[in-house]
Amino acid sequence: MAPLLALRDVHARYGQVRALHGVTLEVDEGQIVALLGANGAGKTTTLRAVSGMVRREGEVTYDGKALTREGPEHVARLGIAHVPEGRGTFSELTVWENLRLGAITRRGSIDGDLKRVLTFFPWLEKRKSQQAGTLSGGEQQMLAIARAMMQRPRMLLIDEPSLGLAPLVVSEIFRILHDLNEHEGTTVLLVEQNARNSLAISNHAYVLETGRVAYSGTSDELAQHEAIRRSYLGY
Amino acid sequence: MPVNLRPWIVPALLAGVVIFLLVGSIESALFAQQTVSGLANGGIYASLGLALVLIYRATQVINFAQGAIATFTTYVAWQFMQWGLGYWGAFVVTLFVAFAGGIAIQLVAIRPVERRGNVLTVVIASIGVLIAVEGAVGWIWGPEIRFMPSAFPVRTYHVGGVAFSLQDLGTIGVSIASVVVLWALFQFTKLGLAMRAAALRPNAARLVGVRVSWMLSLGWGLAAVLGAIAGMMAAASPSVLLQPNMMDGVLIYAFAAAVLGGLESPAGAVIGGLAIGAMLNLLSSYVSWVTPQLLLPAAFVVMLIVLLVKPSGLFGRTRVKRV
């Protein structure tokens, strides 16, 4: 079966600074794939290259079709939800408005989607007229995932959901991503520094170093891998 | 425990102004009349100020061409009336022309330079538009002063010994109605939500599928509509004549209104406009040496004081960037 998302020899740069030097990776439908690596390795840029937020060369195919020069607003309409670095929360707007924005490209009623999202995050109901910026970091991360779910994505790109959150909240977030994948069949490309949790919930993983894929394999294999254990898992 | 008074300063100030205007109006008929005609001017400043805020919020740029565009559309309304359309017919057609014109200007003159990403370049482009549009007005309609009819008959209403002109009341009504319609658009429609998202966080908005550049064009269209309303109301008022530079002064008052309100705040621009309109009118009728020539400088003084004392205005937020 052809992968849902495939990058072949993707290069990207910010002005003169090259961030990706030929990244090749595949994400099969229904899987969680983790993209690991240190700061500056090119993880965020890889997601941006898929969404068309950065100028790129090389080949990106989604659902068998090549993505060419489309901008992020087009990619979003293809069923790819991207929760960016910094979560992309509209902090000046209410929780409810943030959720509505997730479904902004669709016509018709969104009540069904809202109900679906509330089964994952029942607490959102009570907070819906609160300004999103006043939520805690963990709540904002969950709101970002909820907003992405309102897009009814076939694929979720999510950038460092654990950043700056307490360990308990981090496990909660990873549990939600796992449930989302299992119950809704959403394919997930997860960018993380938290290798341990990411390898625990993912099927496959890629490790980026200085803009290239340094290691790849099933998550179990990588968790056993000597060098990865030492550099990324710390034991 | 020290009580934090800061959040109460602005509401207290506004309540003070409202009480002052109310008590004054109850005490003196002249005061009441001057307050209402000041508020009518203020409604015009509020509409144009709101147009400035709409564009500023989305692009962080003051649109210097806003006044010229308003003048142009007012001439369009005048022209339609010359061709035999009734006032409200011409009014509505002009709003459509303004909407399309605002979008066209954004597409032709602003978007190409905006893409290069520098605020100063966009400001210069907007000054270019100002010169071009003002030139076009002179070229098409000539420098003569035209007579712009008013939507409202010359009549006064008497309430308890106070004579209110229908013109003033109508201007206030139209300004308030346009502000309310705009507010409802932003608050209750999907399009409004998308426009707000695009202005607040363009990159995040793109990621949920909002066509941000199209939202910016629509913003210019709406701003031009507000400007057209302000222009048509202004040209019908006794203090402004329909001529190619008629909105130059009004634009300064609108700047002052927007700055007073906080530049980022639509409600602030409206309240700022009404406050400046009422205050300046009272100032000129009660302080003998304040002649009309001093009102424009007075608006500048208001702007300067706000920028020095509280640059974020009455309702603006100080931007805090979280890393």
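These legends walk you through several close-up views of a predicted model.

In this predicted model, local features need pLDDT of at least 70 and side-chain atom pairs count only at pLDDT 80 or more, while totals for chains, interfaces and linings use all residues. Residues are numbered from 1 along each chain as its sequence is written, and chains are lettered from A and ligands numbered from 1 in the order in which they are written.

**View 1. An open sheet in chain A.** Four strands line up here in the order β2-β1-β4-β5, with antiparallel pairing. Helices (H or I, at least four residues) and strands (E, at least two) are DSSP runs, numbered from the N terminus; two strands pair if DSSP finds at least two bridges between them. At the edges sit β2 and β5 (65–67) of chain A, each pairing on one side only. From one strand to the next, the twist averages 25°.

**View 2. The hairpin of β1(A) and β2(A).** Strand β1 (residues 5–14) and strand β2 (residues 17–27) of chain A pair in the antiparallel sense over eight bridges. Look for A:Val10, whose bridge partner in β2(A) is A:Val23. Two residues lie between the strands of this hairpin, and A:Gly15 in the turn has a positive phi of about 60°.

**View 3. Two helices of chain B side by side.** Helix α10 (residues 247–261) and helix α12 (residues 295–309) of chain B pack at an angle of about 25°, with their axes 9 Å apart. Axes are lines fitted to C-alpha atoms, for helices over the stretch in contact, and angles run from 0 to 180 degrees between N-to-C directions. That angle makes α10(B) roughly parallel to α12(B), a term for angles under 35 degrees. Among the residues that meet are B:Phe255 of α10(B) and B:Met303 of α12(B); two residues are in contact if their C-beta atoms, placed from the backbone, lie within 7 Å.

**View 4. A:Asn203 in its loop.** This residue lies between α7 (195–201) and β9 (204–209) of chain A. A:Asn203 counts as partly exposed because 16 other C-beta atoms lie within 10 Å; buried takes 20 or more, exposed 12 or fewer, and partly exposed falls in between. Leaving aside neighbours within four places in sequence, its contacts include A:Gln31 and A:Thr218.

**View 5. Where chain A touches chain B.** Here 19 residues of chain A are in contact with 15 residues of chain B. On the chain A side, α2 (72–77) and α3 (95–102) each supply at least two residues.

Terms used:
Parallel < 35°, antiparallel > 145°, perpendicular 65-115°, else oblique.
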